[in-house]
Amino acid sequence: MAYEPIWTKDPDKLSKFELVKLEKDGLDVIRTIIEKYALEGYDSIPADELDLFKWAGVYQQKPKNGHFMMRVRINTGIMTSAQARTLADISRLYGRELVDITTRQAIQFHWLTVDNFPDIFKRLEEVGLYSFEACGDCPRTIVGNPLAGIDKDELLDTKALVDEVNGFFMLNRDFSNLPRKLKMSISANPYNNAHAEINDLAFTPAVKEIDGQETVGFHVMVGGGLSAKPHLAQKLDIFVRPDEVLKVATGVATIFRDYGYREKRHHARLKFLMADWGAEKFKDKLVEVIGELPARGEDKTAGWQAAYFDGVHPQPQQGLNYVGLNVPVGRLNADELTQLADLADAYGDGNIRTTMSQNAILSGVPNDKVDELLAAPLLTRLSPAPKNFISRTVACTGNEFCSLALVETKKRAVAIAEFLDERLTLDEKVRIHLIGCPNACGQKQIADIGLQGALVKTSEGMVEAYDIAIGGTLGGGAQGPAAKFAQPLKGRVKADEVAGVVEQLLLFYKSERAAGEGFHAFAERVGLPAFQEKLSSILAATAS
C-alpha cells in the first residue's frame, strides 16, 4: 500500500470483514478467479473469498448455488454500439439472454457461473468495458448526465471528467479498501439528472466570478445515501473548477478511507461520518488534505426531472436529435440490446445512453431519419411515448435473484403499472418505485409513491406484502422544492391488493389536487395525516 492504514492501529475495533480485507485486497481476487476458481469450480471457493468477488463486480445470485450476478460499469451511462453488442453477446452466451439497466446507469447480468468469468472479462476489456469494482468497498460506477455532449442545457460536457475520475480510481490500490462503497455523480445539467443528494459525493453545476471572469465549475455535496437509514448529502462551501474535480474526489475518498467507520458494516458509509462531523468540519479536513478552494458561487441547479427523457428532443448540434426510450423496469433481452445497437448505427451517432431511471436514449438522429427510427418494430415495446405509469415505474432486482429481497419486484411493478394505465387517467406522471428490501436499490425514498417489500401473516401463512411511502423528491434548486425523502404510511398491504390500494391513493390525489399540482406538492399541502387516513380507510374496507 502506498498509504498508511491508520485504522489498523486498533484491530479490536474492526469488523470481521475488515480483517479479511487486510489479509487480501479485494482486487487480488480478480486474478484468483481467472487462475484458480474458474478452473476448479464453484465448490472450490471459500466463503470469505466469495465476499471479495464484489471487487470483480460480482455477487452471488439467489439461491447461492453457483450462479452469479455481474455489473458492468457504464461511465455516465454512455456506451458505443460495439460495446452494446458485446454486452448482448455475453448475455446470450452466459446470462440466459437477460439484461438489466440499473439505477446507476450500469448493465447487469444474471445466471453467470465462475467458469464464464475469464472470457467475460476478456470480451469486456476488448471493447473498453469493465466489471471491476462495480461492487465492493471501493469507488463504484460514476453516474452522470446521460446527455453529456448533446445537452442544450448543460454548462459543460462532463464526459471527459467522468472518464478521468473513473480512470484514476479503478484498480487503484490506494482506494480499493474503503470502509464501504463510495458512490459519485458528476453532472453539469441544471435538472439534477445524476441525483446529487443521494450520492456519497456529488458535483453539481455552478458558476463563480474569479479574477473578473465568470467561471463555470461545480458545487460539491457529500454524505448522501439511501438504504435503511437514508441521508441527504450536505453542501460544502467550496467552488471547484473542472480541472480540480479529480483533486477534490481524491481528497474526499482519502478522508473516507482514513477516517470512515470500520467497526460495524451497517454504520460504515460516508453518510454516517458526514452526519457526525457536519459540513464545516468535513470541509476543513478536505482543505487540510488538498489545499484551499474558493467559497461557493452561484448554484445553477434549476429543477429536477428525475432523469426522464421520453420522446424526441433537439440537440444543440444543428439538425440532430436524441430519442428517449422507455425500458420497462430496466429489463430487456440480448436481441433487444443488439437491435438498439443496430438502430444507433443506422439512425444515430452509434451511441446508446442509459439513465438513472433505468431507461435508454439514442442520440445523434438527423431530422430526416426521426420518423423512420420511430417506425422501428423495437420501439413498440421500448417506446418513446409510453403510457404514463409504465413510463415512471422503477424496480430493483427483487427476490427473483437477490437473496436480500423479501418479495418479487420487476414483474409486479409492470403489472401494477399496466393495471393503473388501464384504469386511471392522469395528466401528471406519478413516479412509483418498488424495492424488495431496505437496501433500496430501487430508490423508493425519492419516489412519489414508494413500495417496500415485506411479509405479512395471514390465515394461509406468510405472504408477500408492501409498505407504502409517499411524497419523495430531490432538490429543484432555489426555485424548486427542497429534497425530501418519501414518508412512510402505517398499514402493510398484501401484494395481490397493492395495485388497487395505489389506485385508490391516486384517485384521492386526482380528486383533491389543485390545477397543475404535482404529487409531491399535493402531498406537502394536504399532509401525511390525510394520506394516512385515506390508506387506513382503504385497508379497513378491504378487510371487511
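Phe-68 stands opposite Leu-112 in strand S5. Strand S2 (residues 68-72) and strand S5 (residues 107-112) pair in the antiparallel sense, over four bridges; two strands count as paired if DSSP finds at least two bridges between them. Helices (H or I, at least four residues) and strands (E, at least two) are DSSP runs, numbered from the N terminus. This is a predicted model, in which local features need pLDDT of at least 70 and side-chain atom pairs count only at pLDDT 80 or more, while totals for chains, interfaces and linings use all residues. Residues are numbered from 1 along each chain as its sequence is written, and side-chain values use heavy atoms, with hydrogens and water left out.

**The five-stranded sheet**

- The order of strands in this open sheet of five is S1-S2-S5-S4-S14, with antiparallel pairing.
- Strand S1 (58-60) and strand S14 (331-333) are at the edges and have a single partner strand each, so one side of each is left without a neighbour in the sheet.
- From one strand to the next, the twist averages 25°.
- Helix H10 lies across strand S4 (98-101) and S14, and runs at about 85° to S14. Axes here are lines fitted to C-alpha atoms, for helices over the stretch in contact, and angles run from 0 to 180 degrees between N-to-C directions.
- Arg-331 is in strand S14. Arg-331 counts as buried because its relative accessibility is 14%; buried means under 20% relative accessible area, exposed over 50%, and partly exposed in between (1.4 Å probe, protein chains only).
- Not counting residues up to four places away in sequence, Arg-331 touches Leu-98, Val-99, Asp-100, His-110, Arg-381, Glu-400, Phe-401 and Lys-410. Contact means heavy atoms within 4.5 Å.

**The loop between S1 and S2**

- Pro-63 is placed in the loop between S1 and S2, and the peptide bond from Lys-62 to Pro-63 is cis, with omega near 10°.
- Lys-64 lies in the loop between S1 and S2. Although Lys-64 is not a glycine, its phi is positive, at about 60°.
- With a relative accessible area of 45%, Lys-64 is partly exposed.

- In soluble globular proteins, nonpolar side chains tend to be buried together.
- The largest nonpolar core has 57 residues, and those with the most contacts inside it are Phe-53, Met-70, Leu-87 and Phe-117. Helix H10 (residues 334-347) gives the most to this core, with seven residues.
- A nonpolar core is a set of buried Ala, Val, Leu, Ile, Met, Phe, Trp, Tyr and Cys residues joined through side-chain atoms within 4.5 Å.
- Leaving out residues up to four places away in sequence, Phe-53 touches Val-29, Ile-33, Tyr-37, Ile-45, Val-58, Phe-68, Val-114 and Phe-117.
- Apart from this core lies another, of 37 residues, among them Leu-420, Ile-432, Leu-451 and Ile-470.

**Helix H4**

- Helix H4 (residues 81-94) has 14 residues, which at 1.5 Å a residue should span 20 Å; its end C-alpha atoms are 20 Å apart, in agreement. The expected span of a helix is 1.5 Å times one less than its number of residues.
- The buried residues of H4 are Ser-81, Gln-83, Ala-84, Thr-86, Leu-87, Ala-88, Ile-90 and Ser-91.
- After H4 comes Arg-96, which has a positive phi near 55°.

- Strand S13 (residues 320-325) is largely enclosed by the rest of the structure, because five of its six residues are buried.
- Strand S12 (residues 311-314) pairs with S13 in the antiparallel sense over four bridges. Val-312 has Val-323 in S13 as its bridge partner.
- The hairpin of S12 and S13 has five residues between the strands, and Gly-319 there takes a positive phi near 80°.
- S13 and strand S16 (residues 360-366) run antiparallel and are joined by five bridges. Leu-320 stands opposite Pro-366 in S16.

**Cysteines**

- The structure holds zero disulfides, a disulfide being a pair of cysteine sulfur atoms within 2.5 Å.
- The closest cysteine sulfur to that of Cys-138 is in Cys-135, 8.0 Å away, which is too far for a bond. Cys-138 counts as buried, at 0% relative accessibility.
- Cys-396 is in no disulfide, and the nearest cysteine sulfur, that of Cys-441, is 6.3 Å away. Cys-396 is buried, with a relative accessible area of 11%.
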